[in-house]
Amino acid sequence: MRPAPPPMTPPQLVLPRLVLPDGPALAAGFGTGVLLFPDGTLEPLAGKALAARLAGLGPPLVCHAPATLRRLGLSRLAGADVLELFAFCRPAEFCVPTPCGLAAALGLPEPHGPEAAAALLAPAAIALLRGLAAARAAPRNRDAAGLAALMGRAGWAWAGSVLAALGQPHAAPAARALSIAERLPEWEDAAPPPPPGSQPVSGAEARARLASLLGEAAELRPGQADFAAAAAEAFAPRAEAGAPRLVLAEAGTGTGKTLGYIAPASLWAEKNGAAVWLSTYTRNLQRQLDAELARLYPDERARARHVVVRKGRENYLCLLNFEEAAGAAAGTRAIALALLARWAGFSRDGDVFGDLPGWMHELFGPALSGLTDRRGECIHAACPHWRKCFVERSIRHARQARLVVANHALVMIQAAWAAPAGAGLPTRYVFDEGHHVFDAADSAFSAALTGTEMAELRRWLLGAEGRAGRARGLDRRIGDLCATPPTLAAMLAEALAAARALPGPGWQARLDRPAAPDLAGVAAGQQNPGERFLRAVARQVLARAPPDEAAPELEAPPLPAEPFLSEAAAALHDAIGAITAPLGRLARGLAQRLEDEAETIESAGRSRIEGALRGLDRRALRPLAAWRAMLARLAQAIEEPEFVDWLSLSQGRAGTVDAGMHRHWIDPTLPFAEMVARPAHGLLVTSATLRDAGEPDPEAAWAGAEARIGAPHLAGPASRAALKSPFDYPAQARAFVVTDLVRNGPPEQLAAAFRALFVAAGGGALGLFTAIARLRAVHARLAAPLAEAGIDLYAQHVDAMDNATLVDIFRAEEDACLLGTDAMRDGVDVPGRALRLVVFDRVPWPRPDILHKARRTYFGPPKEYDEAIARAKLRQAFGRLIRKEGDRGAFVLLDRATPSRLLAALPVPVERVGLADAVGAVARFLKA
């Protein structure tokens with residue numbers, strides 16, 4: 001340890017002596033690192049020379065070790081990551097995980113270049129340690145020294161620095177510092193809320209609420225008040241059961257639709273004493289929407305009472321999983337869990353994929369895995385931490401909140417679970433990013449009979465089966481509930497014995513072995529029915545997949561089925577029936593216990609049985625029923641026109657990844673209308689891209705939008721509203737199609753085009769790709785030339801960062817560039833100069849798979865259906881470019897085969913030019 005410079009503090013504040021790790025600071029360019037030593041010496045090194053130099057030094061100070069490793073081409077780096085120190089000193093606080101992000105979070109000068117980034121790291125660490133030292137007596141830091149000592153024992157490079165800042169350099173490790181639950185308050189049940197009222201919200205009221213939210217100094221957006229008034233119609237009383245008030249509102253980019261719908265939604269919630277669910281498509285968009293609600297509730301305590309962000313339970317830290325993991329953790333995992341324990345005491349809601357900085361997962365990877373309830377193994381009231389559970393707290397909070405920020409997937413899954421009665425569902429919804437309703441419904445209401453899904457269900461039923469792991473089988477979770485009457489225990493035992501028909505541990509390796517010569521004969525009878533079915537699927541897929549369809553994913557129709565597949569399907573159908581029957585009897589028996597023991601059963605016991613019934617229904621009985629229906633089709637060759645079924649085989653370098661059968665609704669808005677929309681009283685569906693911009697007939701364009709959200713399946717017409725964007729696109733944007741690139745040319749040609757355009761813009765560019773392989777190939781050839789030009793490049797599927805972190809970095813660093821695929825094309829909000837160029841590698845045609853083939857015929861005409869999808873994707877990509885008044889940007893499509901019909905999606909004229917002309921035009925426009 002080396003002493004830090006003496007602090008500049010007021011005379012009345014005496015801080016402990018601060019120390020830093022002994023190593024130099026290390027910052028990365030692309031392939032080249034800069035070492036800055038405490039004496040001010042700078043050493044730029046690369047490759048083996050850098051690795052050899054680091055081998056003889058103490059842990060270097062770095063920012064985001066995995067990203068530093070990747071940029072330097074190193075395989076290993078034992079450093080003192082300043083982000084880890086940030087996570088300890090400022091838990092649950094936001095920070096962009098780069099040197100510039102650290103500087104912004106700590107109020108330090110922004111560094112430019114690797115040398116300045118290296119020079120920032122020690123001052124950043126000192127600032128963090130000084131802040132910790134100043135607050136060392138605060139109650140929240142009561143266990144900080146014991147926790148840091150525990151981390152030091154596990155090898156944490158910052159332990160000595162933190163203990164010195166806390167004034168306890170010799171503190172002993174304290175295992176109790178990992179006891180998160182001890183420091184959390186218990187949630188409390190509240191009385192059930194009364195039924196919601198039916199008071200409407202008028203257009204005038206919505207306009208007035210919007211004005212109060214905006215304040216006098218806010219930017220005036222033409223059309224925003226009109227949007228709020230139109231949205232208010234979704235909050236009128238429902239006239240007939242099953243006929244919700246449905247409003248489709250297309251609001252051009254820049255309209256300000258978020259506050260536009262918050263205004264009537266918040267008014268309705270206040271007037272009627274019930275929550276409005278505000279649903280969007282991704283977690284990143286949930287975070288943006290939650291931030292907007294600070295306008296409505298600027299006081300944090302008020303916002304905490306009235307707003308809740310809801311996600312699936314797999315997003316929340318499970319206290320029992322954490323406790324079990326912490327008890328056996330060592331090394332890196334012990335450090336990761338200690339930082340997680342520190343965070344949990346400050347977290348708003350225990351959301352490890354939202355409230356926890358995304359870069360924590362990047363720094364520690366698998367060390368933070370297995371800490372949420374991803375497998376549906378919750379034991380509910382039998383858990384010693386149930387009264388402090390983050391999930392249970394969130395569920396109860398949502399019942400009392402005014403606004404619930406959710407996502408489309410959660411809304412639809414909850415509706416499916418509540419079907420057919422629909423009890424307990426919200427009555428008012430707002431679906432932002434409404435053009436994704438179709439895709440979200442397609443995913444939520446589908447079924448997959450695959451090796452992975454069957455093996456997961458077997459694990460849910462049987463547990464880890466002697467393997468390393470903490471999986472709790474059904475007997476361990478609810479066995480004591482089945483002790484009386486004895487018949488329940490027998491039902492449970494029968495179901496668990498039958499579950500061994502599902503693929504067992506190691507099924508993927510067995511699937512790759514040569515198949516038995518007679519799958520239908522004696523050898524087949526000796527096979528696990530689940531694994532026998534997977535072998536048969538793989539065999540038929542390999543026989544029928546089109547010869548030009550590239551691995552690793554192959555598809556084939558299930559019918560007509562070969563005899564070996566039909567027989568395997570029939571055998572698995574019967575085997576699944578043998579699991580379903582005793583589980584169904586067990587569920588009915590547990591429900592009968594609730595009825596028979598209503599007067600004597602304790603509250604905790606009732607809660608456990610109710611939780612067990614929900615788990616049996618959602619995790620086992622429903623998927624098993626869907627699988628049996630799919631297998632019946634195969635075994636009996638039954639055609640079901642409302643569904644699209646197909647077989648799949650996924651292969652990787654090491655062999656089979658997965659295989660199975662898939663079922664999707666050909667029109668997924670049918671179950672959406674039945675389970676979500678019809679039970680509701682009002683729905684607002686909004687987006688900037690609801691209609692097909694290339695459809696010349698306005699009525700046909702609206703009809704297409706209504707079909708994509710299921711309006712034709714509901715009684716009564718939908719209300720329509722269209723608000724134009726306030727932006728002057730012809731003045732603010734340019735669009736080009738490059739005509740002299742070979743469509744399937746070498747990656748060097750494509751990378752050269754991206755390089756020329758990115759350099760012409762001076763950075764601030766988003767590169768979009770329709771294939772991950774092309775993105776990686778271009779990145780490999782683009783990163784070094786951009787680094788030479790002083791432009792940082794980040795990439796989805798390449799950098800050791802999640803999408804939200806990449807977008808945060810891109811937004812914060814004005815001249816950086818970012819490469820991505822679908823997730824970056826839609827829903828990314830980066831206003832200002834940080835995004836001034838969008839380059840698309842080619843036309844985003846829909847993937848020509850079996851599901852798309854069926855839908856293009858069903859929704860057709862096929863050609864028009866394909867073009868409408870491509871136009872929507874282009875329009876969404878262009879929409880990333882201009883986000884506020886004063887933005888300027890260029891859109892470039894590197895596909896000379898782009899049909900002119902698709903370009904109607906863009907709100908500006910499109911010039912077809914060569915690459916050199918496009919580069920020059922981009923440079924001139926952005927520098928004008």
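## Helix 12

Helix 12 spans residues 283-292. Its buried residues (buried is under 20% relative accessible area with a 1.4 Å probe, protein chains only) are Asn284, Leu285, Gln286, Leu289 and Asp290. Helices here are DSSP runs of H or I, at least four residues, and strands are E runs of at least two, numbered from the N terminus. This is a predicted model, where local features need pLDDT of at least 70, side-chain atom pairs count only at pLDDT 80 or more, and totals for chains, interfaces and linings use all residues. Residues are numbered from 1 along each chain as its sequence is written, and side-chain values use heavy atoms, without hydrogens and water.

What covers those buried residues? The cover includes helix 11 (257-272), strand 9 (276-280), strand 10 (307-309), strand 11 (403-407) and helix 33 (803-812). At the start of helix 12, a side-chain oxygen of Thr282 comes to within 3.2 Å of the backbone nitrogen of Leu285.

## Asn272

Asn272 belongs to helix 11. Asn272 counts as buried because its relative accessibility is 6%. Beyond residues up to four places away in sequence, Asn272 touches Pro196, Gly197, Ser198 and Gln199 (contact means heavy atoms within 4.5 Å). Gly197 is 75 residues from Asn272 along the chain, yet their C-alpha atoms are separated by 4.3 Å.

## Nonpolar cores

A nonpolar core is a set of buried Ala, Val, Leu, Ile, Met, Phe, Trp, Tyr and Cys residues joined through side-chain atoms within 4.5 Å. The largest has 87 residues. Among the members that touch the most others are Phe88, Trp158 and Leu317. Helix 5 (residues 114-134) gives this core its largest share, twelve residues.

A second, separate core has 60 residues, including Leu496 and Leu565.

Terms used:
Buried means under 20% relative accessible area, exposed over 50%, partly exposed in between (1.4 Å probe, protein chains only). A polar contact is a pair of N or O atoms within 3.5 Å; within protein, one must be able to donate a hydrogen and the other to accept it, and residues adjacent in sequence count only if both atoms are side-chain atoms.
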